Amino acid sequence: MSVRNLAILAALAAGVVLLAFVPSVTNGYQLSLAINIMSYTVLATAWTLFSGPTRYVSLATVAFFGIGAYTVAVLGEELAWPLVLLIAFVIGFGLSLLVGLSTLRLSGVYFVIFTFGLAELVRQLVTWYEVNVTRTLGRYVFVDITTAQIYWQLLALAVIVLLSGWLIQRSKLGLALRVIGDDEAVARHVGINTTMAKVVLFAFSASFMTLAGAIMAPRWTYIDPAIAFNPVVSFQVLIMALLGGVHRLYGPIFGVIPLVMLFEILLAKFPNHFSILVGIAFLLIVYAIPRGIVGLIEGAQLSLSRKGAKA
Amino acid sequence: MLSAQNAAPKTIKVGYAISKTGPNAGGANITQIPNYQLWVQEVNAKGGLMIKQYGKRIPIEVIEYDDRSNSEEAVRAVERLIEQDKVDLLLPPWGTGINLAVGPTFNKHNYPQITFSAVTDRAPELAKRWPNSFWFLGTSKQYVDALVELLVKLRKEGKINDLIAMVSVADGFGTDLSKAARAGFEKAGFKRVFDKSYPVGTQDMAPIVGEAERSKADTFIAFSYPPDTVAIVDQARLTSYAPKVMFTGVGTFFPLFPQRFGDNAEGVVSLGGWSKDNKATMEYREKIRKLVNRDPDYWGSQIGYSALQMLEQSIERVGKLDRAAIIKELQTGTFDTVIGKIKLENNMPKDAFWLLGQWQDGLYVGVAPQRPGVADLRVPKAPWKK
């Protein structure tokens, strides 16, 4: 490991330690804002883990997020918390393998539509089960987990997602995925098992989302399919990742923070015009910053260094 | 004395987060937001809330947020109201799910939570867990019990047979009520000859109404939501299906129902109900009409406004913005409201309002429980006019 990498790692570790103290210096509202940022950071980074290199746009985020929340609703009062999280992870992983194997042969817009449909399918299945089998729609989550604990778990998960992403990028799998993202036909011709690579990565990305849902569930006390599988979450994650920049794993963070703050300001100042203002913001992002904020910064750095080289 | 006068705040901050957008916005707009507007307008017209501690009336200042029909947004908005805006009082959001989501936050900071758009069978348990929470609409079981009692009486009088056709929307509301109803009907010896649920958003009600008709049941019950309520009644009218007792769900007691069905609304039964000879309730309706140009709904609206009046009276009796004392007063006091006298028992009103109503001569009157002013249920339902 080079000195530069070590320095980066040390800086990151210090940052995480600092972030761990957030609950002791904030009031309840600021902490819930921090939780919001942290949960979207996990979701958008997990999204980028798969969609960044492969360029497969997924709208299934909330399918997995919701499954995580439901796992807690069903098992939260029965089992020890770490066990509940483990089960959520396993369910997310298993389901995403199944989904991945059957669908990652699709590409382009077909994949987008499929993933959007998947979230709706899962929601309808859960609804059907609850209505016809358990005969109660809506479950109560009374678990003794404080807001600060939710924040710390999300922080830990964010670190895990970033680290696994970093490790994957450095592995053969990471290389394979970049080739797939550039041209899938070429990737197949040079002997990469493209399906396998995509499915494995999809499963990791999805199970992180599932964990995020499980960690967040105790915040709501009550869960029904409409709450757990709210499609808005998928779209927000997508737009946050795009704003930040998806060609770097840490990119989405630069999208999550400004957008969460923007939503907050719009909600407070313009409660009656929220939707239209958000729509305008989304249009601006897609047209004005197609490569995201990280892309903008890197572009600026590049042109600076070019100028330097000329002089 | 002078220092106390100086210490008086300019306004009393009342905050709420409610669904202005998203799937909950419709319900919030009919049952809840007009009540908030009317209450604030009425209180401020008097000069504000009378606070003895300062020896004067202090006007209300409203801070409102949109929770976008999302639990997480609602929790954060309520935290923002408490911690950033430092509101003196909070009004509840709309709906069962979101009221439960913000329950722990209201409880942690000990703000009274006067929910009046939440029906949950865990209400008694929730009131124990969060003593600051009040569940004005009560449990689904109490509505079903009243319905079963009515039907048992009709059967005894030989007015209906013991067959029941029942459908429910596959959502929290429909599932809760149909579950309670199944248990209630079985106990009372009714036979459910048709019992189906349909997904939210179902538009074609022809198969459901057709099967119900073929089932030969005299009683048809639909635990439905507004769009399906309208579709079911439309379909029944189209095929001239007139069960002796016709019960439909949310929407039946909305102002749109008589507007759409006119005389054909006659005889339809649902939740809630209105007192025709209570002057205060009628005055309340006039005020809402003036404010938002339409009627209140005939279930939760009046109860919600009463809950706000109770909050107001509690504050004025306590004489200061001491939330613990206000909660105590709400739990133990007796209050005069637009629907009459209310005293709470375990944080829920007891025998204070109509559980079931029926459209009779253009008014949605209360037919159960048996209390003063109750109207007789009209059976069989009048045939459809085309």
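Colleague: In which segment of chain B does B:Pro380 lie?

Modeller: This is a predicted model, and in it the peptide bond from B:Val379 to B:Pro380 is cis, with omega near -5 degrees. As for its place in the chain, B:Pro380 lies in the segment after E17 of chain B.

Colleague: Which peptide bond is cis with omega near 0 degrees, and after which strand does its proline lie?

Modeller: Most peptide bonds are trans. The bond from B:Ala368 to B:Pro369, however, is cis, with omega near 0 degrees. B:Pro369 is placed in the segment that comes after strand E17 (363–368) of chain B.

Colleague: What is the radius of gyration of chain B, and what does the globule rule give for 386 residues?

Modeller: Chain B has 13 helices and 17 strands. Its radius of gyration is close to the value from the globule rule for 386 residues, so chain B is as compact as a globular protein of that length. Taken along the principal axes, the C-alpha atoms of chain B fill a box of roughly 75 × 40 × 35 Å. The two values asked for are 22 Å for chain B and 21 Å from the rule.

Colleague: How many residues does the contact take from domain 1 of chain B, and how many from domain 2 of chain B?

Modeller: Chain B is divided into domain 1 (2–139 + 278–349) and domain 2 (140–276 + 355–368), and the C-alpha centres of these two domains lie 31 Å apart. Where they touch, the contact takes 14 residues from domain 1 of chain B and 15 residues from domain 2 of chain B.

Colleague: What is the make-up, by class, of the side of domain 1 of chain B that touches domain 2 of chain B?

Modeller: The contact draws 14 residues from domain 1 of chain B. By class, that side has four nonpolar, six polar and four charged residues.

Colleague: What is the radius of gyration of chain A?

Modeller: Chain A has 15 helices and two strands. The globule rule gives 19 Å for 311 residues, and the radius of gyration of chain A is close to this, so the chain is as compact as a globular protein of that length, with a value of 20 Å.

Colleague: Which helix gives the most to the side of chain A that touches chain B?

Modeller: The contact between the chains takes 27 residues from chain A and 30 residues from chain B. Helices of chain A that each supply at least two residues of that side include helix H3 (28–54), helix H6 (109–134) and helix H13 (251–269). By class, the side of chain A has 13 nonpolar, 11 polar and three charged residues. The helix that gives the most, with five residues, is H3(A).

Colleague: Why is H13(A) roughly antiparallel to H14(A), and how do the residues of their contact divide by class?

Modeller: The axes of H13(A) and H14(A) come within 10 Å and cross at roughly 150 degrees, and because angles over 145 degrees count as roughly antiparallel, H13(A) is roughly antiparallel to H14(A). The crossing of H13(A) and H14(A) is right-handed. The contact is made by A:Leu262, A:Leu266 and A:Leu267 of H13(A) and by A:Phe274, A:Leu277, A:Val278 and A:Ala281 of H14(A). These residues divide into seven nonpolar, no polar and no charged.

Conventions
Residues numbered from 1 in each chain as written. Chains lettered and ligands numbered in written order. Predicted model: local features only at pLDDT ≥ 70, side-chain atom pairs only at ≥ 80, totals over all residues. Contact = placed C-beta atoms within 7 Å. Helix = DSSP H or I, 4+ residues; strand = E, 2+ residues; numbered from the N terminus. Nonpolar A, V, L, I, M, F, W, Y, C, P; charged D, E, K, R; others polar. Domains from an automatic or database assignment. Axes fitted to C-alpha atoms, helices over the stretch in contact; angles between N-to-C directions. Parallel < 35°, antiparallel > 145°, perpendicular 65-115°, else oblique. Left-handed = near helix turned anticlockwise from the far one by under 90°. Rg over C-alpha atoms; globule rule 2.2 N^0.38 Å.
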